[in-house]
Amino acid sequence: MHRGMTTEPAAGTVEPAKPQRELRLLSVVAPALDEAETVVEFHRRMVEALEGIDFELIVVDDGSTDETPEVLRRTAATDPRLKVITLSRNFGHQAAITAGLDHAKGDAVAIIDSDLQDPPEVIPKLLARWREGVDVVYAVRTVRPGESRAKLATSRWFYRLFGRLAHIDLEQNAGDFRLFDRGALDALNSMRERNRFLRGMSVWIGFTQTAVPYERDPRYAGVTKYTPRRMVRFSLDAISSFSHVPLQLATGLGFLVSMAAFLGIPIAIARKLTGHSVPGVTTILLAVLLIGGIQLITVGLIGEYLGRVYDEVKHRPLYVVKDRLNTPARRPGPDDGPPG
């Protein structure tokens, strides 16, 4: 047999089944912002959904201004599996998830929002695929009740645009609800950029990945914290974190305008020599406004990227922990901030 060749199993033989992964501890990370009306029910359903599984539930309070911290404190006093991390202020949804992932100790780690739109009962399904050897299992929404047509349309447009610009294949109806193997999570945690798009980062790291469909529920209580302004900011962070195409488009636009100007110079000279030139302020004004507008757009694009570079070189922590319940302070990394 030549070196490097492989043989197929003989007909009628059965390949030995791959041993399933053994779960010693499951970590569930859930960010919370002003969810006082939801966290008790969220905890109850999580306990029921994970019955028979050793787990820790890490809820990260992202600077809530309502009764969420007190409700979490009372609930954590009755269940040591509930670990609460309170941030010193609102650092944003992605930073809050990152704080939870940094503190997770499980062999498998799931991310889920605490508003109960993503049912905790789906986590065992994600875990089943992890046991089969899949490193990243992401949940795909087949039904999205309570979301307007405008939001669904803009979401589709964003994912299409992101796929074209970043060349990363994101599932359109997959959010942050997913489960990681410890090896995949360690790779994700090594990426410490400030403008974070975790669902894109989780695809970028590679490993074996698969999808599990599920039906999303309406919010249990309260209102969504993703305002249109935050959604726009989130989209800009996602695109700028994974693609330089906007800068390349600005460069191409500059070349096109320059070529048009150079082509227009001999035409203008010829018309002047033949006496066909038409004097007028309107043409000059429109040209100045066009070129000035293009310059401002390109400078703005450069500024967006430069601002992100500035955020990176400052090396500020991604989050600052104010308090912890039922969990010891982890050893801080080079850019994690004080232990709280």
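## Salt bridges in a predicted model

The count comes to 14 salt bridges. The structure is a predicted model.

**Aspartate 135 and arginine 21.** Their side chains meet in a salt bridge, at 2.6 Å from N to O. This pair links distant parts of the chain, 114 residues apart. Aspartate 135 sits in the loop between helix H4 (123-131) and strand S5 (136-143). Arginine 21 lies in the segment before strand S1 (26-32). Aspartate 135 counts as buried because its relative accessible area is 11%, under the 20% cut-off. Arginine 21 is partly exposed, at 23%.

**Arginine 73 and aspartate 323.** Here the salt bridge spans 3.0 Å from N to O. The partners are 250 residues apart in the chain. Arginine 73 belongs to helix H2 (residues 68-78), and aspartate 323 to strand S8 (residues 321-325).

**Aspartate 118 and arginine 216.** The closest N and O atoms are 3.0 Å apart. The two residues are 98 residues apart, and both lie in loops. Aspartate 118 is between strand S4 (108-111) and H4. Arginine 216 is between strand S7 (209-215) and helix H8 (228-242).

How exposed are the partners in the last two pairs?

| Residue | Relative accessibility | Class |
|---|---|---|
| Arginine 73 | 40% | partly exposed |
| Aspartate 323 | 28% | partly exposed |
| Aspartate 118 | 4% | buried |
| Arginine 216 | 9% | buried |

Salt bridges can also share partners. In this way Arg21, Asp135 and Asp181 join into one network.

Terms used: Residues are numbered from 1 along each chain as its sequence is written. This is a predicted model: local features need pLDDT of at least 70, side-chain atom pairs count only at pLDDT 80 or more; totals for chains, interfaces and linings use all residues. Side-chain values use heavy atoms; hydrogens and water are left out. A salt bridge is a side-chain nitrogen of Lys or Arg within 4 Å of a carboxyl oxygen of Asp or Glu. Helices (H or I, at least four residues) and strands (E, at least two) are DSSP runs, numbered from the N terminus. Buried means under 20% relative accessible area, exposed over 50%, partly exposed in between (1.4 Å probe, protein chains only).
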